[in-house]
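Biologist: I should like to learn how to read a structural model, one feature at a time. May we begin with pairs of charged side chains?

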Amino acid sequence: HGAADDDAHERRVNGSRRQRREPGALAQELAERDESNELWQSECAEAHVQLGRLLDATHKTEEALVLYRRAHEVIERLSERRPDTAQWAHQRWESHVRLGDLHRKLGDLPNAYDQYVEAILYVERLAELDPENLRWKDDLMNALNLAGMVAKKQDRAQEAMRIFRSAQEIAARYASDAGAGLLWKEDLMSSHANLASLHMDIGDFAAARSEYEQALAIAMAMAE
């Protein structure tokens, strides 16, 4: 048993340690080494998101949540550093929604709702700063619908009603424009369906019928 054998053994041990390295560790190490390097920070966040998606797809949802939170910390830091950059602003909204979706999947409705509300508050500020940017309007409407669905599941009918109506106002505003695309019309149709379902839950069948009829009218108009 000589020095050469010892060296070979050490290489095997070190190689094994590298193989057992925590997923995303290299990206995390680079990001921590230089927080001013936006590329490394971006790759770190993306690595955590992709690994989180893989874990979620393999039913390791709680482990995925840990990685999504790490990604969120990086995205939040970058969006605060570059508040005028649409890419990071959208990714921050997306990160809140991603966390909300995972909490909802785990049955943690209070935290899911909180994340959707954070997404709403953040994109509301962006929409106020750039009112002509339809991306922020669309992001806001989607986050409102997600929060409304959670409030509905929590049996908070009045809160869900308020949120769904806020989402509907956005869809109605842009679906009524002469040059409105089909997506806004589809969003408006969905908003009527959301409200109809909620009215059914609370026993207001006349209001539910009205909402369903409006959704049907939009669908028929789109089919012409």
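Modeller: Side chains of opposite charge can pair when their charged atoms come close. A salt bridge is counted when a side-chain nitrogen of Lys or Arg lies within 4 Å of a carboxyl oxygen of Asp or Glu. Here Glu76 forms a salt bridge with Arg92, and the closest N and O atoms are 3.4 Å apart. This pair links distant parts of the chain, since Glu76 is in helix α4 and Arg92 in helix α5, 16 residues apart.

Biologist: Before we continue, what kind of model is this?

Modeller: It is a predicted model, in which local features need pLDDT of at least 70 and side-chain atom pairs count only at pLDDT 80 or more, whereas totals for chains, interfaces and linings use all residues. Residues are numbered from 1 along each chain as its sequence is written, and side-chain values use heavy atoms, with hydrogens and water left out.

Biologist: How many salt bridges does a search of the whole structure find?

Modeller: The search finds six. One of them joins the side chains of Asp101 and Arg104, at 3.9 Å from N to O. These two are separated by about one helical turn because they are three residues apart in helix α5. Both are partly exposed, Asp101 at 32% and Arg104 at 25%. Another salt bridge joins Arg162 and Glu159, at 2.7 Å from N to O. Both of these residues lie in helix α8 (residues 157–175), three residues apart, about one turn of the helix. Arg162 is partly exposed at 47%, and Glu159 is partly exposed at 23%.

Biologist: How should I read the names of the helices, and how many helices and strands does the protein chain have?

Modeller: Helices are DSSP runs of H or I with at least four residues, strands are runs of E with at least two, and they are numbered from the N terminus. The protein chain has ten helices and zero strands.

Biologist: What span should helix α5 have, and why?

Modeller: The expected span of a helix is 1.5 Å times one less than its number of residues. Helix α5 (residues 86–105) has 20 residues and should therefore span 28 Å, which agrees with the 28 Å between its end C-alpha atoms. Just after α5, Gly107 takes a positive phi of about 85°. Helix α7 (residues 134–153) also has 20 residues, and it reaches 29 Å from its first C-alpha to its last, close to the expected 28 Å. At the start of α7, a side-chain oxygen of Asn133 comes to within 2.9 Å of the backbone nitrogen of Arg135. Just after α7, Asp155 takes a positive phi of about 65°.

Biologist: Which side chains make polar contacts with the side chain of Asp56?

Modeller: A polar contact is a pair of N or O atoms within 3.5 Å; within protein, one must be able to donate a hydrogen and the other to accept it, and residues adjacent in sequence count only if both atoms are side-chain atoms. Asp56 lies in helix α3 (residues 38–57), and its side chain makes such contacts with the side chains of Thr61, at 3.4 Å, and Lys105, at 2.8 Å. Contact in general means heavy atoms within 4.5 Å. Not counting residues up to four places away in sequence, Asp56 touches Thr61, Ala64, Leu102 and Lys105. Asp56 counts as buried because its relative accessibility is 15%.

Biologist: What can be said of the protein chain as a whole?

Modeller: Of its 224 residues, 40% count as buried. Among contacts with a separation of 6 or more, residues 24 or more positions apart account for 53%. Accessible areas come from the Shrake-Rupley method with a 1.4 Å probe, and for residues only the protein chains shown count as cover. The protein chain exposes about 12,900 Å², of which carbon and sulfur atoms supply 50%.

Conventions: Buried means under 20% relative accessible area, exposed over 50%, partly exposed in between (1.4 Å probe, protein chains only).
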